[in-house]
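Here is a short tour of one protein model, written to be read with the structure open beside you. Please take a look at the fold before reading on.

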Amino acid sequence: MLIAPALLCAALLAWYGVTRNPMPEQDVRSLSVTILQPAPASVRELSYGREANGVFSAPELEEVLVEAAESADLVIYPFSPVEGVVYRGDPPVISGIPDMARVEAVGAWLARAVPASTTVILWNTLAERGKLYDEYAFWRGGEKAAYQKQKLYLFSDYVPLWMRNLGLARGSFDITAGVQGGSATVQGVGVSGLICSELHNRTLAPEEEERVGLLVAVGDDSFFPGSLVAHFSLAAAQYYA
């Protein structure tokens, strides 16, 4: 199964049915998936929530999530509900970040809004112990699993320190690479992901394929002119599926 909006490529790489590695007939499972693709072309135009007095709320987004969860086992919102970062532990001090919210507050909000039978995937930047991670957060019933980007992309995710020191390149924030193993189970199906440029990594997709039955690949191609890069991402998703 493959779903890929034109600008923000949200692709599902599944290995059920007629695929390169078909599963035994008795192991085939059904899984209902909804991808929420907001109309705005810019992330600055999205509906965000805020944490106030320890409680996170996002009324407009919550309304959409509640409706989607009524008929889906898995709801994918390929953005963050926070215009900034979610954090665990002490609040980070990061210049230029418009907003932040605690991981626990976001989880409690989803637990109130969405039935425990539905898993919601969010694409967040996580701040923890002075580091930033690019991650998919899998939330169900207030419990979180996460897949963090493993293969970082030069100049987009980080700038080498030696290049910074020599004044050869600059970057606003550096992402830290995650480790393998982040996944969730939805209706008996193992779900993990590929984040943005990881979709084009020749070794990572086959490695993740061996671990789970469904891969979610979200990436923002909207900052590239035209549709060439978005179509290239779609072709890559089709190839690996």
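Strands E9 and E10 run antiparallel and are joined by six bridges; two strands pair if DSSP finds at least two bridges between them. Two residues separate E9 from E10 in this hairpin, and Gly141 in the turn has a positive phi of about 60 degrees. Helices (H or I, at least four residues) and strands (E, at least two) are DSSP runs, numbered from the N terminus.

A word on the model itself: it is predicted, so local features need pLDDT of at least 70 and side-chain atom pairs count only at pLDDT 80 or more, while totals for chains, interfaces and linings use all residues. Residues are numbered from 1 along each chain as its sequence is written, and side-chain values use heavy atoms, with hydrogens and water left out.

## Aromatic pairs

Searching the whole structure gives five aromatic pairs. Rings of Phe, Tyr and Trp (its six-membered ring) pair if their centres lie within 6.5 Å; planes under 30 degrees apart count as stacked, over 60 as edge-to-face and the rest as tilted. One of the pairs is Phe56 with Trp109: the ring centres are 5.2 Å apart and the planes stand at 70 degrees, so this pair is edge-to-face. Phe56 sits in strand E4 (residues 55–57) and Trp109 in helix H2 (residues 103–113), so to speak a link between distant parts of the chain, 53 residues apart. Phe56 and Trp109 are both buried; buried means under 20% relative accessible area, exposed over 50%, and partly exposed in between (1.4 Å probe, protein chains only).

Tyr136 belongs to strand E9 (residues 131–140) and Tyr147 to strand E10 (residues 143–148), eleven residues apart. Tyr136 is buried with a relative accessible area of 1%, and Tyr147 is buried at 0%. Together with Trp123, Tyr136 and Tyr147 form one aromatic cluster.

Which residues of helix H1 are buried? In this helix (residues 59–69), they are Leu61, Leu65, Ala68 and Ala69. These residues cover an arc of only 95 degrees around the axis, which puts them on the same side of H1; the arc is that of the directions from the helix axis to the C-beta atoms. Facing away from the buried side of H1 are the exposed residues Pro59, Glu60, Glu63 and Glu67.

## Salt bridges

Side chains of opposite charge can pair when their charged atoms come close. The structure holds seven salt bridges, each a side-chain nitrogen of Lys or Arg within 4 Å of a carboxyl oxygen of Asp or Glu. Among them is Asp99 with Arg50, at 3.5 Å from N to O. This pair links distant parts of the chain, with Asp99 in strand E7 (residues 99–102) and Arg50 in strand E3 (residues 50–52), 49 residues apart. Asp99 counts as buried at 13% relative accessibility, whereas Arg50 is exposed at 55%.

Another salt bridge joins Glu208 and Arg211 (2.6 Å, N to O). Both residues lie in helix H4 (residues 204–211), three residues apart, about one turn of the helix. Glu208 is buried at 0% relative accessibility, and Arg211 is partly exposed at 31%.
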